[in-house]
Amino acid sequence: MSEPLLSVQGLEKHFPVTKGLLQRQVAAVKAVDGVSFEVRKGETLGLVGESGCGKTTTGRLITRLIEPTGGKIVFEGNDITHMSQGKMRPLRRDVQMIFQDPYSSLNPRHTVGAIVGAPFRIQGIKTEQGVKKAVQDILELVGLNPEHYNRYPHEFSGGQRQRIGIARTLALKPKLIIADEPVSALDVSIQAQVVNLLEDLQNELDLTYVVIAHDLSVVRHISDRVAVMYLGKLVELADRKSLYESPMHPYTNALLSAVPIPDPKRRVERERIRLQGDVPSPLNPPPACRFHTRCWKAQEICKTVEPPLQKLAPGHEVACHFPENAPAAAAEAAPAAV
Amino acid sequence: MTAPLDAPGSDLGPGILIAERPGIPIVGRSLGQIAWMRLKRDKVALAGGLVVILLILVAIFAPLIVKVLGQDPTQFNSDMIDPATLVPKGGTGIGPDHLFGVEPVNGRDIFSRVVYGARISLLIAFLATVLSVVIGTLLGVTAGYFGGIVDSIISKTMDVFLAFPILVFAIALAGVIPDTAFGLSGDTLRVSLLIFIIGFFNWPYIGRIIRGQTLSLREREFVDAARSLGARGPYIIFREMLPNLVAPILIYATLLIPTNVLFEAALSFLGVGVRPPTPTWGGMLSDAVRFYTVPHFMFFPGMAIFITVLAFNLFGDGLRDALDPKAR
Ligand SMILES: Nc1ncnc2c1ncn2[C@@H]1O[C@H](COP(=O)(O)OP(=O)(O)OP(=O)(O)O)[C@@H](O)[C@H]1O
Ligand SMILES: [Mg+2]
């Protein structure tokens with residue numbers, strides 16, 4: 001296995017909840033609470049979870065938009081966890097983020113040329129034939145008309161806006177791109193095009209992706225591996241094939257059951273699992289296994305002992321006391337089932 | 001439905017919101033240009049804007065206008081006054097020489113005094129607004145951008161300022177300031193003082209608005225995008241945020257001017273404004289109160305204030321509708 005491009009170890013972000021004039025901390029939102037994974041060069045890692053489980057926060061931690069409260073982020077062998085903004089500046093070229101909302105990610109007062117050209121200006125990069133030419137080349141690359149250079153974001157559709165956002169992240173030829181729900185704000189008919197564009201760009205520019213999504217269908221085609229997140233923690237991390245074919249965590253099963261199945265014959269076999277209740281608040285997450293309040297397999301142990309993320313099969317890690325589809329040997333290692 | 005990967009339809013191609021006509025080069029319309037198009041359709045606001053421009057021209061060219069008519073605003077015309085009643089002969093004195101008539105007792109030309117009054121009134125209202133806008137924007141952006149304890153301190157300061165009995169303060173200050181202070185004297189000193197008092201106590205209104213706008217801008221993802229590219233604070237404030245604050249700044253500055261016109265008039269009316277004989281609208285009103293039998297003396301400066309305030313308000317409202325249609 002090659003050296004990972006990005007390695008995240010026990011990453012934590014607890015947002016303080018403050019009160020009063022003196023900003024006294026009264027509580028903490030545990031948005032990300034001990035997440036570990038690696039991203040290998042050239043692969044696409046899908047990061048999936050319900051709304052509010054900390055996906056965006058994870059992305060913003062990796063891009064160092066916010067300061068981690070714990071854990072470690074290593075990019076290309078450099079520990080960037082608490083690197084100063086000044087030292088971080090040159091490294092920012094290598095890690096870029098595509099934002100969730102194409103309407104708020106583009107400054108309405110800037111032209112497309114200014115938006116896509118901003119990376120050059122901010123990083124002080126000279127281009128051979130000027131910034132304008134470089135910007136127009138990128139616009140073409142993402143499937144936009146280079147003559148739209150002087151237009152403003154409000155003149156474009158959601159899909160086109162997301163392409164502008166993608167163009168901006170590509171300007172500095174990054175190595176790693178965190179795509180935060182790049183298509184969730186778009187019409188279904190346009191989602192496919194943007195996903196395909198991301199795939200084409202990956203092949204062409206040798207990119208590594210972390211693609212964030214709130215359901216398992218969007219990342220199915222582009223991911224090599226998928227990580228499932230619940231309330232600030234990873235509950236399952238596996239190769240795409242084993243995750244979609246033999247999901248081990250009940251939560252993954254529930255998410256998968258919500259994904260429409262193309263094959264009508266298989267559709268009958270699988271029952272739709274409806275999760276009970278809402279996602280608990282990250283302000284006060286359930287103890288031990290955070291999923292136990294909504295899990296139909298939960299036992300006493302789930303409320304008292306936190307299940308660690310364990311490798312139960314090759315390329316398949318899961319954090320559950322009663323995993324499904326687990327190989328026999330692994331099942332023995334786990335505490336006695338039912 | 002599989003994952004939406006093979007769905008038809010294209011969002012590619014030319015911009016969809018503006019029809020492209022062949023031969024016309026592709027030029028984007030900025031939000032400013034769109035706002036101007038909206039404003040042009042708003043006839044009431046345009047009329048207000050026209051009056052505003054006219055008033056500014058009158059203030060700038062006051063000496064010229066007065067010279068053309070040959071009347072000096074401080075010159076006494078005793079020959080126009082009936083010595084028995086001290087009222088202008090024929091009631092008002094209105095005629096080709098004195099368009100608005102003359103004042104009772106000393107017979108000063110009301111037209112030239114109203115024209116000159118526009119200078120003081122607009123000068124103080126404009127500069128006080130500029131002062132409020134500068135302080136308000138600086139502190140509002142600072143509070144909104146840095147948040148936390150900085151925000152708490154600035155917000156509490158605003159509350160204190162808003163609770164301050166500014167009128168009482170102005171009267172007291174005007175009373176204790178000598179005729180010469182800070183190297184200034186006469187009208188210059190009084191005008192500077194009024195600008196300071198009015199401008200310095202009004203900044204929290206605009207400061208609050210700018211703080212709120214900055215707070216919401218800070219959460220917008222384009223700010224994160226700039227930061228993830230390595231942009232520093234000044235770049236984000238000046239390049240990313242300020243262009244989005246121009247609209248609210250313009251709107252509230254335009255709406256603050258008439259408030260300040262009224263404020264200055266009130267201070268002059270109370271006798272703590274610019275000293276006589278320099279003509280001000282508020283001062284004229286205050287003089288006119290004693291002569292309620294000569295209503296034209298009160299009418300013209302009163303109308304001047306009324307028209308000025310109305311014109312700025314109409315224009316400001318139209319500007320808000322044009323720049324920020326969602327505000328309604
Ligand atoms: N700056 C912040 N201050 C306080 N709490 C925050 C902050 N940012 C995020 N949170 C909280 O952290 C939790 C995780 O938020 P995050 O945006 O990472 O979720 P997400 O998985 O991206 O959800 P979505 O699918 O809705 O985008 C939420 O409960 C959110 O309210
Ligand atoms: Mg998110």
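Close-up 1. Over residues 158-177 of chain B, the chain is 85% helix and 0% strand, with 26 Å between the end C-alpha atoms. This view, like those that follow, is taken from a predicted model.

**Close-up 2. The shell of residues around ligand 1.** Of the 14 residues around ligand 1, those that come nearest are A:Ser51, A:Gly52, A:Lys55, A:Thr56 and A:Thr57. By residue class, the shell divides into 5 nonpolar, 6 polar and 3 charged residues. At least two shell residues are supplied by each of β2 (24-40) and α1 (55-62) of chain A, and α1(A) gives the most, with 3 residues.

**Close-up 3. Polar contacts of ligand 1 with chain A.** A polar side-chain atom of A:Thr57 lies 2.5 Å from an oxygen atom of ligand 1, and an N or O atom in the side chain of A:Thr56 is likewise placed 2.5 Å from an oxygen atom of the ligand. From A:Gly54 the contact is made by the backbone, with a polar atom 3.0 Å from an oxygen atom of ligand 1. The protein covers 64% of the 640 Å² of accessible area that ligand 1 has on its own.

Close-up 4. The magnesium ion (ligand 2) is coordinated by OG1 of A:Thr56 and OE1 of A:Gln100, at 1.7 to 2.6 Å. Because A:Thr56 lies in helix α1 of chain A while A:Gln100 lies in the loop between β6 (95-98) and α3 (112-123) of chain A, the pair ties together parts that are 44 residues apart in sequence. A:Thr56 counts as partly exposed, at 25% relative accessibility, and A:Gln100 is also partly exposed, with a relative accessible area of 26%.

**Close-up 5. Two loop residues of chain A with positive phi.** A:Leu231, a residue other than glycine, has a positive phi near 45°, and is found in the loop between β9 (225-230) and β10 (233-239) of chain A. With a relative accessible area of 1%, A:Leu231 is buried. A:Ala288, which is not a glycine either, has a positive phi of about 55° and lies in the loop between α10 (264-269) and α11 (300-304) of chain A. A:Ala288 is buried, with a relative accessible area of 14%.

Key:
Residues numbered from 1 in each chain as written. Chains lettered and ligands numbered in written order. Predicted model: local features only at pLDDT ≥ 70, side-chain atom pairs only at ≥ 80, totals over all residues. Heavy atoms only, no water. Helix = DSSP H or I, 4+ residues; strand = E, 2+ residues; numbered from the N terminus. Near = heavy atom within 4 Å. Polar contact = N/O pair within 3.5 Å; in protein donor to acceptor, adjacent residues only side chain to side chain. Areas by Shrake-Rupley, 256 points an atom, 1.4 Å probe, with all protein chains shown as cover. Nonpolar A, V, L, I, M, F, W, Y, C, P; charged D, E, K, R; others polar. Donors = N, O, S within 2.8 Å, 3.2 Å for Na, K, Ca; no water. Buried < 20%, exposed > 50% of the residue type's maximum accessible area, 1.4 Å probe, protein only.
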